[in-house]
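Hi,

Here is the structure I promised to pass on to you. Have a look at it first, and then read my notes below.

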Amino acid sequence: MVQLGMGMMRLPLLDENDVTKIDYEEVNRMVDAYIDAGFNHFDTAFIYHEGIGEQTFKKCVVDRYPRDSFKIATKLPLFVITEESQLEPIFTQQLENCGVDYFDYYMLHNVSGFTETAWKNVDLFSFIQRKKEEGYIKHIGLSTHGNAEFLEEILFEHSEMEFVLLQINYLDWEDENIESEKCLEVARKYNKPVMIMEPYKGGFLADIPEKAENLMKQYNPDKSVVSWAMRFVANLDDVCVVLTGASNLEQIKNNIEEFNNADPLTDEEYQIIEEVSQIINDNITVNCTKCRYCTDSCSEEIDIAKLFDLYNKHNLLDTDEWTPHGNAYLNYSKLEGVGIASDCIECEMCVEECPQQINIPEVLKDVAKTFETDIYGFEN
Ligand code: SF4
Ligand code: SF4
C-alpha cells in the first residue's frame, strides 16, 4: 500500500540564504504533524543541507521518537566517491549522523551518467549488499535521474536491488530526458517497488501559469492545483512511497491533506492534465527542480537554484517591466559572499552535477541579461 513519505531535502531555514541554518523548532512541528497523521517514512541523504540533513533527522526524529515508530531512508553520496576506502567511513558516519544502528532503506544516490566515476570504478553494489547481510540495512535500492534505457541496464545487471526511487510527476511523464512513464514501466518489468520523488517537481507544479490553473479551477473549483499533481502519482500501481518535500508546517499539512484525499483521476481529468502540461511546457524556461546538487561545485558562490527560480517566476509573468522577482534578485545581489549570474566564469563544474542536464552557464547568461539591467539599478 502506498504511503506518504516526508522528504527532508528542503527544510525550513532561519536564514533563507544559508541552507545550514535550519529552523529545528519548525522541523519538529512538521515531524509531529506528519507522525500524528499516521505516516512514518522519512527520507534524507548524506549531502542534504550541505551535510547536516542526516543530523537534523536525528535531532528532530530519532531523539524524539522510539526507533520502531519510524522508517529511515538515506543514500550513499556517489558524487564524492572515487575509491573503495571511502565507503566504510562514510557509511559509519551516516549511522552516527542519523543516530541509528540500522537503516530501513539505503540507496545508491543518483546512479546515472553523472556519477559513473563512482559506480563504475568502485563496487558500490557489493558494498551495500554486504552491509545488508551484516544487518545494517533492511532494504537496498537506488535513486536515479537516468532515463529508462539506463535504468533497464542497471536493473538487468543488479537483480539484488530491492526498490528504486524515481522522479515522477505529470509534467515529466513524457519528458524526453526524465521519461517518468517509461522508467516506471522498467521498474515494473523487474518487479521493483517504486518510491516517487519530485511529485510537485520541486514545488514548480504548485505555481503554474494562470491559464493552466484556470483550466483546473474551471473543472473543479474546490481542488487545489497541487491536488492534481498528488492524485496523479498517488494512484499509480506499484508505487510504495510518494515523497514530498516541505519547507514549513503549512506545506506538510497540505501534503497530508492532499494525499489523504487523492481520489483517482477520471479520463476527463487526465485530458486536462495533458493540456496543463502543454501550457506549462510552453512557458517554462529552466527545468530546475532546486535539488541544489550544483551548489557546492561553484567557486563563484552563485546560488544557481535560487536564481533559476526567480528567472522562471519572472518569465511566467511575460513582461519587460519591473517584477518582484527581479527585485528579489537585486536584494540577493547585495548579500555578502554570494555570486550573481554575471559572475559565472563558465568553468562548467556545475554542469556535470545537474540531474536535469541544464546548461547552467548558458542559462545564467540569460538570467544576467534579464535581471542585471537598469530597471533594478544595475549598471549596464
Ligand atoms: S559554470 Fe558558472 S555557475 Fe557553474 S560552477 Fe562555474 S562559475 Fe559556477
Ligand atoms: S540547476 Fe540542476 S543541479 Fe542545480 S538546483 Fe537546478 S536542477 Fe539541481
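Please keep in mind that this is a predicted model.

How do the residues of the shell around ligand 2 divide? There are 9 nonpolar, 2 polar and 2 charged ones. Of these 13 residues, the ones that come nearest to ligand 2 are Cys-288, Cys-291, Arg-292, Cys-294 and Cys-354. Helix H12, which covers residues 304–316, gives the most to this shell, with 3 residues. If you look at the space that ligand 2 takes up, you are looking at the largest cavity.

Ligand 1 takes up the second largest cavity. Around ligand 1 there are 13 residues, and Cys-298, Cys-344, Cys-347, Glu-348 and Cys-350 are the closest. The shell of ligand 1 has 9 nonpolar residues, 1 polar residue and 3 charged residues.

Now for the strands. Strands of a sheet pair through backbone hydrogen bonds, and the pairing can be parallel or antiparallel. Which kind is found in the barrel here? The pairing is parallel, with 8 strands closing into a barrel in the order E1-E2-E3-E4-E5-E6-E7-E8. From one strand to the next, the twist averages 30°.

Thr-144 stands opposite Leu-166 in E6. Helix H7 (residues 180–189) lies across E6 and strand E7 (194–197), and H7 runs at about 175° to E6.

Enjoy exploring!

Best wishes

Methods. Residues are numbered from 1 along each chain as its sequence is written. Chains are lettered from A and ligands numbered from 1 in the order in which they are written. This is a predicted model: local features need pLDDT of at least 70, side-chain atom pairs count only at pLDDT 80 or more; totals for chains, interfaces and linings use all residues. Side-chain values use heavy atoms; hydrogens and water are left out. A residue is near a molecule or strand if one of its heavy atoms lies within 4 Å of it. On a 1 Å grid over the protein atoms alone, a cavity is a set of points where a 1.4 Å probe fits but cannot get out, and a pocket is an open set with protein on both sides within 12 Å along at least five of seven lines; lining residues have an atom within 4 Å of a point. A molecule sits in a cavity or pocket if more than half of its atoms lie within 2 Å of its grid points. Helices (H or I, at least four residues) and strands (E, at least two) are DSSP runs, numbered from the N terminus. Ala, Val, Leu, Ile, Met, Phe, Trp, Tyr, Cys and Pro count as nonpolar, Asp, Glu, Lys and Arg as charged, and the others, Gly among them, as polar. Two strands pair if DSSP finds at least two bridges between them. Axes are lines fitted to C-alpha atoms, for helices over the stretch in contact, and angles run from 0 to 180 degrees between N-to-C directions. Contact means heavy atoms within 4.5 Å.
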